[in-house]
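Biologist: I have a model open and want to learn to read it. Where do I start?

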Amino acid sequence: MELWPGAAYVVDTTCVAATLGFAFEGQHGIDAIDTGRRRPFRRRINSLAWIPPGCPVYSQSDRGGEYLVIQAVPPERIGHADAGQRPVTNVFGADAVAVAYRIRLAVLTGDTVGCAAAVDHLCACLLDWFFRGRDPSHDWLTDRRLAAVDRYLDRHMHESICIADWRPNWTSRSASSCWPSARRSA
């Protein structure tokens, strides 16, 4: 277990052993995980990541963010066949946040006794994600979604807008179908 400080970094490696990570701070930069195609990334604050063994990883950030790295976690510990082959990032769960902060404190104080159970708990959070097959982008304000919000606000600036009444359908491809046509006045 290592706690990496928030700092600029460049990582270009192939993970020999599986790695579990937790981002205590949001970060952005360029990455290519399990692909040769580099593209912009955003890691959510308090999000969990999993990189299986043998996975090529390139990641670069000018600022970085505090990050917990737990190496040599056997994929079998996750308990799902895909864990041995499929990387995931931006997995969020309230339980994972609490456990990761306990591990962080243990690493900072040097008292890592009992951390194995905490790592098991993080693995259980990943197992839950693998079984649900959930795309974390459904919970995240992506650039496309932010652009849809901007367009909506531009079109309706003259109206009374109540955020509580918005029920966006983020999976829709059309920005115009993201918002209900009828709204209550605030």
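The dialogue below goes from the overall fold to one helix and then to the cysteines.

Modeller: Keep in mind that this is a predicted model. Start with the fold.

Biologist: How many helices and strands does the secondary structure come to?

Modeller: Four helices and nine strands. Along the sequence the pattern is β-β-β-β-β-β-β-β-α-β-α-α-α. Of the 186 residues, 39% count as buried. Take contacts between residues at least 6 apart in sequence: 74% of them join residues at least 24 apart.

Biologist: How do I read a helix such as H2?

Modeller: An α-helix has 3.6 residues a turn, so residues three or four places apart point the same way. Now the case here. H2 covers residues 94-109 and spans 23 Å from first to last C-alpha, close to the expected 22 Å. Its buried residues are Ala96, Val97, Val99, Ala100, Ile103 and Ala106.

Biologist: What do the buried residues of H2 pack against?

Modeller: Strands S3 (19-23), S6 (47-51) and S8 (67-71), plus helix H3 (115-132). After H2 comes Gly110, with a positive phi near 80°.

Biologist: How many disulfides are there?

Modeller: A disulfide needs two cysteine sulfur atoms within 2.5 Å. The count here is zero. Cys15 is in none; the nearest cysteine sulfur, that of Cys55, is 6.2 Å away.

Biologist: Are Cys15 and Cys125 buried or exposed?

Modeller: Cys15 is buried, at 13% relative accessible area. Cys125 is buried too, at 17%.

How values were computed. Residues numbered from 1 in each chain as written. Predicted model: local features only at pLDDT ≥ 70, side-chain atom pairs only at ≥ 80, totals over all residues. Heavy atoms only, no water. Buried < 20%, exposed > 50% of the residue type's maximum accessible area, 1.4 Å probe, protein only. Helix = DSSP H or I, 4+ residues; strand = E, 2+ residues; numbered from the N terminus. Expected span 1.5 Å × (residues − 1). Contact = heavy atoms within 4.5 Å.
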